[in-house]
There are 2 protein chains.
Amino acid sequence: MIKHALTVTRSDDFAAWYQQVITEAELAEESGVRGCMIIRPWGMGIWERFQRLLDDRIKALGHDNAYFPLFIPISYFAKEAEHVEGFAKEMAVVTHHRLKAVDGALRPDPDAELAEPLVVRPTSETVIGAAFNRWIKSWRDLPVRINQWSNVVRWEMRTRMFLRTSEFLWQEGHAAYATADEARRATLEALELYREFAQQCAAMPVIAGEKPENERFPGAVSTFSIEAMMQDGKALQAGTSHLLGTNFAAAQDIRYQNEDSQFELAHTISWGMSTRMIGGLIMIHGDDDGLRVPPRVAPWQVVIVPMLRGTPEGADLLAYCDELQAALVRQTAFGEPLRAFIDRRAMKTATKRWSWIKKGAPIVVEIGARDLAARKVTFIRRDRLYGEDGQPSNASLDIDSFAGQAGMTLDELQQGLFDEASERLERGIRRDISDLGALKEHFEGTKHPGWVEVEWARPTGADLEQIVGQLKALKLTLRNVSMNAAPATGKCIFTGEPAAERILVARAY
Amino acid sequence: MIKHALTVTRSDDFAAWYQQVITEAELAEESGVRGCMIIRPWGMGIWERFQRLLDDRIKALGHDNAYFPLFIPISYFAKEAEHVEGFAKEMAVVTHHRLKAVDGALRPDPDAELAEPLVVRPTSETVIGAAFNRWIKSWRDLPVRINQWSNVVRWEMRTRMFLRTSEFLWQEGHAAYATADEARRATLEALELYREFAQQCAAMPVIAGEKPENERFPGAVSTFSIEAMMQDGKALQAGTSHLLGTNFAAAQDIRYQNEDSQFELAHTISWGMSTRMIGGLIMIHGDDDGLRVPPRVAPWQVVIVPMLRGTPEGADLLAYCDELQAALVRQTAFGEPLRAFIDRRAMKTATKRWSWIKKGAPIVVEIGARDLAARKVTFIRRDRLYGEDGQPSNASLDIDSFAGQAGMTLDELQQGLFDEASERLERGIRRDISDLGALKEHFEGTKHPGWVEVEWARPTGADLEQIVGQLKALKLTLRNVSMNAAPATGKCIFTGEPAAERILVARAY
């Protein structure tokens, strides 16, 4: 039997396993500040890779980065009514601008109370809309396309690292267009950007589609999402794109003069992806030995562990590691220079090996005296950790072959992780359930029920709320209507009316 | 007489000129949120270049990026006494976590008051120190080297864009070492990183040296800075590196077990550089036509303006611009692919030309029908804007020569900006003033007095405070003791005692 690196397995307790991966892979930790986590270097390194790859794509869409204030006056929120309703309940409020020592303890200084309290941004539509109001005068100024990398705060009562924290990091794209058509097209382009990024970079297969009315961003006309399936069968919304229509433009008076000199409201959109993606990465690619990071987003793709024993031969060993690293960084992987690291820490080889396995470095190399003598490289592939005998399995190649093949191996590893997750997603969606009883039975009677795509009549308002309530009792939520869903042909599973489309139903994070 | 692009010149009113450059170059604008600015795409593009170039250097020093909470509980600040004293007076305080509609207006919900108020980080020594306390157990764990890119808030009563805003962006390096020697060496390495970055990337000559006691970071043993001279002769502190000794380690119990299994306090350091650098860039390289961005940090190094007239020939013109852009991005400048942009906006050519001149794009190309016919490129170098006749001067080259020489031209432009500023710095420092009367006379009687390097006895405590007060009456401050200062040979200009070293005195931002 295999003795895995983690003490909790996925099948034992998925939630505890998730938390242990985060701890053992040194991705993040509790900060001591309520609801806020510390993102440790390995977690941050993954986020930096996400940032670099997303940023290139965002710029290619024509968006420029800009930076808007952290603080938003309360009055800005009052303008878009639905938006207030959706966000007002969970924001951090700054009321004072100075501390004072009172009886030996620091307290907010009563003489430094703000006339208008400031909200720590939960999202930036209001403050960016106010800038759009100033920037946009004529059709010549459109489109305006902005992106912001920032921290946002949404006060959360129950937090879970990466998935739901009071403060998180994200990018938010914001744009204004002259016409409804352009705005809708751009909303879908952003959705496609997320789909492509998730699949190609994070090796995360997703379903892109439109959210139902009850899951729309507060103030939006339509909200689209990409949804990924975790290994416990639950859904994770991994990125959203919102068509805001003229709702925010009307609230903030974002008007332009058209070619006939008439004033029209601009059409705005916004879209965001956050550090939540790292939570998804863990739950899609992790195994009972820790995380497996897809090579394209791995801070280090090859980690070299010299088997140092504090003997004089150590210097030769390190020189050989340097040579290997130099040979590797001359290679390319995914069109970029390969990223290789030498772990020189004064620790036991086994400790270092397992620390990188738990972190999920794609390839871990161990160099000992015999490798040096034979100019060989002994390595472990993170996706093929155990041999058929249940023991950690390694392979050996001469140094030139190893370096020469490294890029291709990483490619293969990336594709393997994607294929594994894709197969799981495909297998995990039931499309043959057409009555509520069978739906209930499926979710209550199956250990990993996955998702069910059902036909429905796309009800709205109170009718929809009632269905949402029914599903909630089963711990289920409506996810999205896939862009690739087959047309509806039967009856609505909830109302019995003729169905309008097919929607995904699932438990979700 | 030259008619410049700005309505205020540097010699008319330097402060108003600074503000006009920011507006006309679209670097930043007021946000409507007290003390917070919006960094617009061109300003953010420069900051992104700073980030990329600094981040590479920071990683080469062995620091990993991480992310720590925005909010810090008040109690964390109470631990390091001097640190509280230095920061407690100007912090944003979060006291509530929910809003409530009261009489139709949103207010902090009295039922959602935090038990312990949270401070929006003014800097992160306290919260990172708490993590170091957990992470550091043994000598094997040292050094720990972290960097954070983040927003920080220090409540400011009088703000000036980029130079002093309540919220600003920065990087903060934090590290812990086993010995005092290692910590001191690392503090100076960070200082050297800043010096090299400022000079090589921002073309900003600086004086690196140690700050006097009164200018130390609250809680530090020594603070070092790089100081740059603005065109009005004032000094700008453009980056600081702090040796914290064991002060923070003692307050936060950051101890490690040494090789003899005994517990010792770690030695910590911190260092930071912020968006303030952009203010420096403006005041060092700007001229009466706007900003001049050193090519190495310019978001776009070559901007191509097609002279479109809405005629069918426009398509050929754009195709030629595309060809030129493609030829340029195949070139390298400063070891990176050259950055070239085509301005396709539906505006008059002159408007577009001057917008890029005011923004300070290093090379602006204008392509008209004649250029296309002759396969020529007509361009303006931002550092040679006017010919001897006082008219905007352009040059023309065939397309291959232009593209082939572009990298070299940018190199030359970068060096030219640095040389110009270096000469100004060298010319701007007086080293021959040895009595207080002459110092006073120099600063009161000269329009651009620049800096004076004086000999002093390095007084401390109350003696130093008295001198600082004397200087303050003359609007002067002590800047730093240059690492390259000549040894002191005479008497202290303030006390008449034998001098210990030479220190820079200047007006400052």
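Student: Leaving aside neighbours within four places in sequence, which residues is Leu169(A) in contact with?

Tutor: In this predicted model, Leu169(A) is in contact with Ile39(A), Met44(A), Trp47(A), Ser150(A), Asn151(A), Ser274(A), Thr275(A) and, from chain B, Tyr67(B). The word contact is used because heavy atoms of these residues come within 4.5 Å of Leu169(A).

Student: What makes Leu169(A) count as buried or exposed?

Tutor: The relative accessible area of Leu169(A) is 8%. The limit for a buried residue is under 20%, so Leu169(A) is called buried. This residue lies in strand β10 (residues 167–177) of chain A.

Student: How far apart are Leu169(A) and Ser274(A) in sequence and in space?

Tutor: In sequence they are separated by 105 residues, while their C-alpha atoms are 5.7 Å apart in space. For chain A as a whole, take the contacts between residues at least 6 apart in sequence: 69% of these join residues at least 24 apart.

Student: What makes β3 and β27 of chain A edge strands?

Tutor: They belong to an open sheet of eight strands, with the order β3-β9-β10-β16-β13-β12-β11-β27 and mixed pairing. Both β3 (64–65) and β27 (481–482) pair on one side only, and this makes them the edge strands.

Student: How do you know that β3(A) and β9 of chain A pair?

Tutor: Two strands pair if at least two bridges are found between them. β3(A) and β9 (residues 144–153) have two bridges, in the parallel sense, so they meet the condition. Within this pair, Asp64(A) stands opposite Ile146(A) in β9(A).

Student: Through what do the strands of a sheet pair?

Tutor: They pair through backbone hydrogen bonds, and the sense may be parallel or antiparallel.

Student: Why is strand β28 of chain A called mostly covered?

Tutor: Six of the six residues of β28 (residues 501–506) are buried, so under the 20% limit each of them counts. Glu501(A), Ile503(A) and Val505(A) point one way and Arg502(A), Leu504(A) and Ala506(A) the other way.

Student: Which strands of chain A are joined to β28(A) by bridges?

Tutor: Among them is β25 (residues 451–456), which pairs with β28(A) in the antiparallel sense over five bridges. There, Glu455(A) stands opposite Arg502(A). Strand β26 (residues 477–478) is also antiparallel to β28(A), with two bridges. Thr477(A) has Ala506(A) as its bridge partner.

Student: How do you know in which sense β21(B) pairs with β17 of chain B and with β22 of chain B?

Tutor: With β17 (residues 302–306), there are five bridges in the parallel sense, and the partner of Val303(B) in β21(B) is Val364(B). With β22 (residues 376–381), there are four bridges in the antiparallel sense, and Ile363(B) stands opposite Arg381(B).

Methods. Residues are numbered from 1 along each chain as its sequence is written. Chains are lettered from A and ligands numbered from 1 in the order in which they are written. This is a predicted model: local features need pLDDT of at least 70, side-chain atom pairs count only at pLDDT 80 or more; totals for chains, interfaces and linings use all residues. Side-chain values use heavy atoms; hydrogens and water are left out. Buried means under 20% relative accessible area, exposed over 50%, partly exposed in between (1.4 Å probe, protein chains only).
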